[in-house]
Amino acid sequence: MNILLISFYDDNFGDMLIRTCFRALLTVVLENLGIGTDDVVHSSMHIKDIDEQRVCSSDLIFFAGGAMFGVNNLRTLDHIEAVTAIADERDIPVVFSSLGLNHMEDTDENTARLNAVLRRPCVRAMSVRENAEVFAPFTTGCSYPVLPVCDPAVWTRYLYDEDIRCARRDKPDHPIIGINVVRGGLFTANGRNWNIEKEEDYLLSLSSVLEMSGIDYRFYTNGSFLDNNTMGHFARKLEHADDRFVYPDSTREVIRAIASFDAVVAIRMHSSIIAYSLGVPSLNLIWNDKIPPFYRNIGYPDRAIELSDSDRVPELVNRLLADTDYHPDSDYMMSLYRFLFDTLCAILCQSGEIYPFEQVCDRMRALSPPDSEDVTDYRTKLQRGKYCYLTLFNISQNRKYEIKELRRQLRRSEIRLQKLNTRLSFTQDKLDSTKQSLKKKSAEAARYKQQLDRIYHLFPVRVYRWLRQRLHRRAT
């Protein structure tokens, strides 16, 4: 049997953890049904890098969880439509598992597109990790129910059992708080009025309060290249020791970091999910609508904190440290296992007795990913780094071209200005010459006027004298 898992491949290792945990859990379900690893070929595919040939050669397709539904900048809906169209044509069963909505623009067109996808005959089952009622407009007329389940990553505790033991064995004896750091643009990209300056103010305030309270802490990320860059920028401003900052380069390193904390102040949701799986109390700032449903599902709705209430976080840290009875609920964890078990029973026309929780945990421990699995994380991160570098390089090259073009325009403008200055100088000289000529002519005109004034003044006197002489002559 050729099973294709479609998921995100990202340097935000929470997305990688979804795929890893889902694949392990699916392996246990198949074993539960009597289908061993020798009878199954697992292959994985990035949802944004669809290979039609691999889709066509599959016997069963799983969309393996995460916030895949939506038509925001991730553009996942286009790829979901493409995969299900191929599966529908070849009668390949498709299962959507533990999905979340990612900023769905709930227009009539988008609702119709998703509804059309989910009503395709190839789609056999669907489960969601967030509120099932949110999906209601998109599942009208579907032949299957939309079932609520947990995120696959709540099984982290058992899949990475040895790594968690090692991290806890090596941790200091005193409590340590993990403070999650994310890229500055995450909030505005999700419609929140929070920028990097506000995040840094929050991080600085929180760390200052913890220091005054004598509580140790570490800043960490979920591994994202951009999150690491933001934390590096903050670290240079804060001037703390390097050991205050944890920069994970793989999923395993994120898990080990969280396992070494006694409480977590999260922003990325999978920091909270991993912490929940490990029994580490957490709270989460709300930058996305998916945060509150997770905390409601695990019974701690008050630990999803609005950004406007971020100043309350320091006072809540002590409550987290005092919570010694924080552990995952087995029934909640088994919700995804039961969904996969029942779905495969229906698709494969099989039946059987479902494993109890303890047996599933034991089998998950046996499937702990080898260190070689980290290579995929490293490659993904390198690819992301290369993409970011090339993006910035292209921007830099474009800026250089723009600067060069602006300099050419400036040079042409300077030449034109010089010509205009020359013409202006010539015109000014001509104007000055004209002014001098006009001044001379004005002086001549003034002299002529004076002469005329004298003439006009003398003419009546001469006439009077002439008349007087004539009258005198006649009298004599």
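I take helices and strands as DSSP runs, numbered from the N terminus. The model I am reading is a predicted one.

**Entry 1: a charged patch**

I looked up Asp51 and placed it in the loop between β2 (41-46) and α2 (52-56). Its relative accessibility is 31%, so I put Asp51 down as partly exposed. Asp51 belongs to a negative surface patch, together with Asp49, Glu52 and Glu89.

**Entry 2: the sheet**

I then traced an open sheet of six strands. I read the order as β10-β9-β8-β11-β12-β13, with parallel pairing. Which strands stand at the edges? They are β10 and β13 (304-306); each has a single partner strand, so one side of each lacks a neighbour in the sheet.

I followed one pairing further. Strand β8 (residues 176-180) runs parallel to strand β9 (residues 216-220), and five bridges join them. For Ile179, I found Phe219 as the bridge partner in β9.

**Entry 3: salt bridges**

I searched the whole structure for salt bridges and noted 31. I kept details on a few of them.

The side chains of Asp227 and Arg268 form a salt bridge, at 3.0 Å from N to O. This pair links distant parts of the chain, 41 residues apart. Asp227 lies in helix α9 (residues 225-238), and Arg268 in the loop between β11 (263-266) and α11 (269-278). Are these two residues buried or exposed? I found both Asp227 and Arg268 buried.

Another salt bridge joins the side chains of Lys381 and Asp249, at 3.2 Å from N to O. I count Lys381 as buried because its relative accessibility is 10%, under the 20% cut-off. Asp249, at 36% relative accessibility, counts as partly exposed.

The side chains of Glu405 and Arg408 also meet in a salt bridge, with 2.3 Å from N to O. Why are Glu405 and Arg408 separated by about one helical turn? Because they are three residues apart in helix α16. I marked Arg408 as partly exposed, since its relative accessibility is 34%.

Last, I noted a network. Salt bridges with shared partners join Arg157, Asp161, Arg165, Asp362 and Arg365.

Definitions and conventions: Residues are numbered from 1 along each chain as its sequence is written. This is a predicted model: local features need pLDDT of at least 70, side-chain atom pairs count only at pLDDT 80 or more; totals for chains, interfaces and linings use all residues. Side-chain values use heavy atoms; hydrogens and water are left out. Patches are made of residues with over 30% relative accessible area and no salt bridge: like charges are joined within 9 Å, nonpolar side chains (Val, Leu, Ile, Met, Phe, Trp, Tyr) within 5 Å. Accessible areas come from the Shrake-Rupley method with a 1.4 Å probe; for residues, only the protein chains shown count as cover. A salt bridge is a side-chain nitrogen of Lys or Arg within 4 Å of a carboxyl oxygen of Asp or Glu. Lys and Arg count as positive and Asp and Glu as negative; His and the chain ends are not counted. The place of a charge is taken as NZ of Lys, CZ of Arg, CG of Asp or CD of Glu. Helices (H or I, at least four residues) and strands (E, at least two) are DSSP runs, numbered from the N terminus. Buried means under 20% relative accessible area, exposed over 50%, partly exposed in between (1.4 Å probe, protein chains only). Two strands pair if DSSP finds at least two bridges between them.
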